[in-house]
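Welcome! Please take a look at the sequence and the fold below, and then let us walk through them together.

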Amino acid sequence: LKPTRGPSNISRSSPRAKQVESQSFAGMRALHLPNRRKGQKYVTLEDLALECGCLINLSDTVESLKQNISGKKFCPIQNIHFMINSFEIPNEAQLKDHLDMSTRFMLSWHSPMA
């Protein structure tokens, strides 16, 4: 019988096994979301709707969307920022004034709570 090729017949102490293990862990690390203390990423309103599990109406205010995010991320509304071209979108503005469902913008937030 010939031994089969692949990671199953490699001993755990061999360098090849460590490489295979590190590749599988690297794949998991690539999918890791930012921790709940702070985060910064480019998103669309569609992305936020999926993440928060809510419907987003373009006539809503920015602050109402920040309330949904605040509940998910356990951080105050004043620590959540929506930015386009380095300019922050004000809380009083309606979403349709600055965004549509597919416009990418920077969402940054930080939580003082652990």
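## A first stop in a loop

At 66% relative accessibility, Asn 85 counts as exposed (exposed means over 50% relative accessible area, buried under 20%, and partly exposed in between, with a 1.4 Å probe and protein chains only). Asn 85 sits in the loop between β2 and β3 (87–88), where helices (H or I, at least four residues) and strands (E, at least two) are DSSP runs, numbered from the N terminus. Although Asn 85 is not a glycine, it has a positive phi of about 50°.

Ser 86 belongs to the loop between β2 and β3. Ser 86 has a relative accessible area of 65%, so it is exposed. Its phi is positive, about 70°, although Ser 86 is not a glycine.

## How to read this model

This is a predicted model, in which local features need pLDDT of at least 70 and side-chain atom pairs count only at pLDDT 80 or more, while totals for chains, interfaces and linings use all residues. Residues are numbered from 1 along each chain as its sequence is written, and side-chain values use heavy atoms, with hydrogens and water left out.

## The chain as a whole

What does the protein chain contain in the way of helices and strands? There are four helices and four strands, and along the sequence they follow the pattern α-β-α-α-β-β-α-β. Of the 114 residues in the protein chain, 27% are buried.

Now for contacts, which means heavy atoms within 4.5 Å. Among the contacts in the protein chain with a separation of 6 or more, 65% are between residues 24 or more positions apart.

## The sheet

Strands of a sheet pair through backbone hydrogen bonds, either parallel or antiparallel. In what order do the four strands line up? They form an open sheet in the order β1-β4-β2-β3, and the pairing is antiparallel (two strands pair if DSSP finds at least two bridges between them). The edge strands are β1 and β3, each of which pairs on one side only.

Strand β4 pairs with β1 (residues 38–43) in the antiparallel sense over six bridges. Here Lys 41 has Leu 107 in β4 as its bridge partner, and Gly 39 has Trp 109 in β4. Strand β4 also pairs with β2 (residues 80–84), again in the antiparallel sense, over four bridges. The bridge partner of Ile 80 in β4 is Trp 109.

## Inside strand β4

Is strand β4 mostly covered or mostly uncovered? It is mostly covered, with five of its six residues buried. Take Ser 108, which lies in strand β4 (residues 105–110). Its relative accessibility is 11%, so Ser 108 counts as buried. Leaving aside neighbours within four places in sequence, Ser 108 is in contact with Gly 39, Gln 40, Asn 79, Ile 80 and His 81.

Helix α2 (residues 45–52) and helix α3 (residues 62–73) pack at an angle of about 45°, with their axes 10 Å apart. Axes are lines fitted to C-alpha atoms, for helices over the stretch in contact, and angles run from 0 to 180 degrees between N-to-C directions. The two helices α2 and α3 are therefore oblique to each other (angles under 35 degrees count as roughly parallel, over 145 as roughly antiparallel, 65 to 115 as roughly perpendicular and the rest as oblique).

Which residues meet where the two helices touch? From α2 come Leu 45, Leu 48, Glu 51 and Cys 52, and from α3 come Leu 65, Asn 68, Ile 69, Lys 72 and Lys 73. The residues of this contact of α2 with α3 divide into five nonpolar, one polar and three charged (Ala, Val, Leu, Ile, Met, Phe, Trp, Tyr, Cys and Pro count as nonpolar, Asp, Glu, Lys and Arg as charged, and the others, Gly among them, as polar).

## Around helix α3

Helix α3 lies across β2, β3 and β4, running at about 130° to β2. Glu 63 is in helix α3, and with 35% relative accessibility it counts as partly exposed. Not counting residues up to four places away in sequence, Glu 63 touches Ile 77 and Asn 91. Glu 63 and Leu 95 are 32 residues apart in sequence and 9.4 Å apart in space, C-alpha to C-alpha.

Ile 77 is found in the loop between α3 and β2. Apart from neighbours within four places in sequence, Ile 77 is in contact with Glu 63, Lys 66, Gln 67 and Ser 70. The C-alpha atoms of Ile 77 and Trp 109 are separated by 8.9 Å, and the two residues are 32 residues apart along the chain.
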